[in-house]
Structure formats: structure tokens, C-alpha cells
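Please consult the structure shown here while reading them.

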Amino acid sequence: SAMRKSRIKRTKTVCTYCGVGCSFDIWTKGRQVLKVEPSPEAPTNGISTCIKGKFGWDFVNSPQRLTQPLIRRGDAFYEATWEEAYRLIAERMLQIKKQHGPDSFMFIASSKATNEEAYLLQKLARHAIGTNNVDNDSTYCQDPATYGLRQTVGFGGDSGSVSDIAQADMVMIVGSNTAESHPVVATRVKRAHKLHGQKLVVVDIRRHEMAERADIFVQPNPGTDGVWILGISKYLIDQDWIDHDFLSQWVTGFEDYKEFLAPYSLEHTRTITGVPEQTTMQVASMIHEAHSLSILWAMGVTQHRDGSETSLAIANLLLLTGNFARPGTGAYPLRGHNNVQGASDFGAKPHYLPGYQDPADPEVRERFKAAWGKELPKTRGINNQELAGAILQGRIKMVYIVGEDTGLVDANAEEARQAFEQLEFMVVQEIFLTKTAQYADVILPASPSLEKDGTFVNTERRIQRIYQAMEPLANSRPDWIILQDMASHLGAQWPTYTHPEEIMAEAARLTPLFAGVTYERLEGYRSLQWPVLEDGTDSPLLYTQSFHQPDGKAHLVALTMSGMSQVDAKYDLHINNGQLLEHFHEGNMTYQSAGIRHVVPGMFVEVSPELAHERNLQDGTMVRLVSPTGSLTAPVLITDRVSGKALYVPMNSLGEGAVNNITGTGIDTRTSTPAYKETRAYMEVVDPQ
Ligand code: SF4
């Protein structure tokens, strides 16, 4: 009937899971998700999606959704009205500000919320409170890549588009389990490899699906992929397989970099990495023969102490061989969460305003002062990684978290939990009662992407629109409304935003990178890749005019590589971790889907056949992995995806046994990104009783 038909609704949205940023239509009837329908108009994915985008929506109707503000009383929470919750929070915030000053606050933005919400959270921190203490999840994953790219070519984002990856002559994937973490990008590569003869090299410590498909699989010792990049770079120079014209026209620092590479002979490289000379030479000649090379990398590179250095080395390799600014070329750090790129782009970083503007730059400060009617805070802010320490030292008294499960995701989860207990006040905006939320004094029920309007930025710097498909569940509210209400209860002078479009307009006015971004230009499946000029011209491929450095040239930057895994006689095993296709990170959202939970029920440890033989392990043997910081217990899965003493543990574990219990305190020194992928441990067989 007409009645029933009118209740069925079709809404364009963007996937809420990974940074590929697939867009599609979602059919709903009331709160019921009927189906996901891909559209050929979708700029990144066309008609492709993966299992998460297609079936991962049950969580929006989970009975475990938070539906009412909750206020702590002793060990329990009681349901409160929004007004009650807002008043209590504002009162405590103003009190803490008066007593301890603005820098006693920390704000954490969500990498799953919209750009407009990231913008408002950093505005709440900088304008309503007056601190630069604001960060997002990128500190845990891709900041090292951003660092490497800003030093060399200038922009902290993918230098081209997913379509460039598809049309490259050669693709090299370093430290990324692309088939499971960024499935639709992997699909593009698989197609190009199979149908168009694209060459594929995979550099990883684990023989995952893409490694199986690769023309050459390079398996360096854990933690030495950066050294291998240096080794192959030197060999390319020695063979004179570099792009002299490109270097002389566009790049500075060649002589110094060449000198820096001098020790990395093929032999020296083999001694450290274990990669045979022959393999390195083969990859080098493949690079030499390829007209265009794209390099993709992810957390297998960045979550190491050498994460920034390896990212620099990758950018340098692309520069040496002239692989920028042409279709099919470029650097592609693959972003994890659907909007981790946007959360940083829109200013939720302690050292960047929206669009990576420097809060110390006088011209920038003037512009914000004119718009916000207030001087920006000057002191450098603290980042997520410094947070637990700052709380324990008594410097941070209040934490305001939007949609991040910091208690579980922090590499040293135990320390984070102790720290939360010391806070004077803590607010969490969430869709579920996460571990982190359980430490809060007030929990505010938020709305996921299907229940609001806004925009996301995917891994290729593409800004895309999401449209509201259904009303917020019960009493939950979109984060942009909550943040605005908070500002008004704090007495901050903000304009009244009636729609996220107005928030974007303000951000665009203040940020040259987004100068031409308007909702009109983002209508439906239209999208814009930053930087966006005032007239709406966007940038699918970067650096075609010049590099984004003051002199317009890219810089080859020498680096310091520690280049070693930290195993020793006691902790003799190297533990790697990563994602499974069916789950997303720690699984808070995907575990809500009955179908997905059924396919991959639990946790396991991948062990190489050699190690299994040596230790007399069978499939299913229960083992305990003990690291310097904790332990976890899980059954063994024997597989040749891993080799020697390198083990692999999936990230998708709920509650006890979470892999973060054993990851340690090592960090990438340039960015503080935790060295999650660098855990050492010993193994005990658990008595089967
Ligand atoms: Fe979503 Fe990523 Fe899958 Fe696309 S590839 S549907 S963005 S999880």
C-alpha cells in the first residue's frame, strides 16, 4: 500500500567502519535496515563494498545502546534528564577551570564521529575552555605516516586516489593486511593484478592473503622493514635506476641522502633484515621497469618505534624514483577508522588547528580571534599518549571523551584505568557502555552515523556527505548537538548552529585547505578531495603544480633507524597483531552483529609450523603469552602465514585476553604512537584441566 511504501526510505550514507570510505544507499523502514545498495556513482568504491559495510548495521538497534544520560552515584549510574546532566557537567567544568586552569582539561575526539563534530570538540576545548589539550585516535595509528609525508612532500594525506592505486604499473604494500583491513582497496589491487598485469610486491612479517597473491613476497625480520627500504633505495641509486630529471627539478637533499644511505649495502641489509640479496635486486628491477609505482602502508609500519622513520624512508624512495604527481604514483598511508583522517583534518590535535594550521602563527591567531571573538590558547597541548602520565602527575583533572574506548585501546590499558580513577571528573559521549564509559561521572548517549547529517573524510582526503536515515534512538542525540548544548551551558558565545552545514561553513571560512567546501558541492554522491580552492576546484592528485613546502620542492630527509626487534633470551617471541576482515578493531560495533559473531567466535594465536614443532604444540593447545606488561591466554592455530618466532594475535577480542593487555610502553619517538606491533613475550603451555 501507499502507506507502507512511504515508510520505506532510501538514504545515501558513507560506511562507518574503515578509512576506505565506501558510500552507498541504505534502505530503511523506520529503524529497520532493509538493505545496503551500492551505487555506481560512489566515487571510491563504485558498486563494491565488504561484509562490514554491507551487513554491519545491527548495532544501531542493539538493546545495549545507551538511551538516556547517566550520572554516577557511588558505584552505580542513575538515569537523568539531559538538562540535569548538562547542568552538572557545566558546573563541575567551570569549577575545575577556576581552581586548576584550562590546561587541567583534556578532550578526546572520535574518529567515528563527523568532521563537524571534531571541529566543535576542538572549539569547545580551545574557545569555551581555552586549552590546546585535544587529540584523537590518530596518535594511536597513523601520525608517523603524517609526520613522514609532511617532512618530505608536505601534505599529511594520501598523495592520490584509490583510482590511482588501481591504475599503477606496480603496487608495493608494506605492513598492511589490506585484504582484511581495507577490503575494497584490496579488491581494486587484486583486479588490476589479475586483469591488467599490475605488479604486486608485499613486504610483511606475515604471509597474509595479499602476500599469497604477490609477484614477490618480502618477509623481513620483525621491525626491520625500514632498513629494507633503505637497502633497496641504495641499490637503486647504485644501479642508477633513479629519476635524475625529477630529482633536479623537484627535490632537494639528494647528495646528503645518498651519503646517508652509504652503509646500507645489499649484504648489510640482508644481515639485518634476513631478506636475500636476490629478492631485493628483483624488486629493484621491477621498480625500475614500472612506469608508475604506488606504495601503500599501514599500522604494520607505523606502530613501531621506527614508524616515522620508515614512513620517511618510503616517501624518500618514491621521490628518488620520481613516483609522485603522475597518475598511478604516490604514497598511500591507509587510514584505519572511517573518519580518523577527518578528526585530524578538522583540528582535534594538540599542535594543529583545523587544516593543520599552526596555533602559534600570528596571522592564523588573528583570523580565529576575529571569528571567535577570543584569543586562542598558546601553550602546546598534550596528546593521548601523554594523557595517563599527566593525570597521574596531577596535571589533568578532567577528561571529556567523545566515542573512544581509551580504557581498552590505550597500549598500556592498565595504566590508563588507574589514571581514570584519579580524575576529578570525567564525561563520555558514547553509543555503548564501553569499558572507558564505566569510569565516567556522566555518560551522554550519542547517535551513530545513520542518525545524523554531516561529513567524513576518507583515506584519499575525500570529503563525503552522510544523510540522516533514521531518528536518534530514544533519548540519544548527535554529538554536534550535545557539544553545542555544552558550550551554551558553559556560557560560551557560539552562533546557534541549526544544521551541520553551518558548522562546515565556519570551518571552511577559517581554513584555507577547505576554502571551497560547501554542502552544495557535496550534494548526494558528489565529493571533494582537499585542498579545495575557493572556486570549488579540488585535488584528486597532489603535487601536480609543486610540492607543499615553502620552496615548492620536496625534501629527501635522512633519518635514524633503530632497526631491530627487541626480543631477548627471556621474552624470545615477537608478537604482531592486526585485524580480521569480519571485525572492526576491538569489535565494539561488529560484535553486535549476530551473523558476524557466529563466523569468528573468539581469539587465537597464530604460530609457525617450525615453532609448533619445536615446542610440541598442536592446533588448539592453550598457551599463555607473557610480556613484560601482562599476559593473555588463547588456543594455538598453526599456520605458515607466520614464520619462525613471529606470532600473530587478532585484535578482535572482547574483555579479558585483549591483546592490548600485553602490548608495552614502547613508542615512536617522533609522534608518541605506541609500538603496538612490537611486543615481545614468552610462551607457556596452559595445563589442560
Ligand atoms: Fe566499509 Fe571499509 Fe568495507 Fe568499504 S572497505 S564497506 S569502507 S569497511
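Q: Which side chain meets Glu 506 in a salt bridge?
A: Side chains of opposite charge can pair when their charged atoms come close. In this predicted model, the salt bridge of Glu 506 has an N to O distance of 2.9 Å. The side chain that Glu 506 meets is that of Lys 123.

Q: How many residues apart in sequence are the parts that Glu 506 and Lys 123 tie together?
A: Glu 506 is buried, and so is Lys 123. Glu 506 belongs to helix H23 (residues 500-510) and Lys 123 to helix H4, so the parts tied together by the pair have a sequence separation of 383 residues.

Q: Is Glu 451 buried or exposed?
A: The side chain of Glu 451 forms a salt bridge with that of Arg 31 (2.7 Å, N to O). Arg 31 counts as partly exposed, at 24% relative accessibility. For Glu 451 the relative accessible area is 0%, and a residue under 20% counts as buried, so Glu 451 is buried.

Q: Where is Thr 114 placed?
A: With a relative accessible area of 1%, Thr 114 is buried. Beyond its neighbours within four places in sequence, Thr 114 has contacts that include Asn 339, Asp 453 and Phe 456. The place of Thr 114 is the loop between strand E6 (105-108) and helix H4 (115-129).

Q: Which elements give two or more residues to the shell around the ligand?
A: The residues around the ligand include Cys 15, Lys 52, Gly 53, Pro 183 and Val 184. The elements that give two or more residues to this shell are helix H2 (51-55) and helix H8 (183-195).

Terms used. Residues are numbered from 1 along each chain as its sequence is written. This is a predicted model: local features need pLDDT of at least 70, side-chain atom pairs count only at pLDDT 80 or more; totals for chains, interfaces and linings use all residues. Side-chain values use heavy atoms; hydrogens and water are left out. A residue is near a molecule or strand if one of its heavy atoms lies within 4 Å of it. Helices (H or I, at least four residues) and strands (E, at least two) are DSSP runs, numbered from the N terminus. Buried means under 20% relative accessible area, exposed over 50%, partly exposed in between (1.4 Å probe, protein chains only). Contact means heavy atoms within 4.5 Å. A salt bridge is a side-chain nitrogen of Lys or Arg within 4 Å of a carboxyl oxygen of Asp or Glu.
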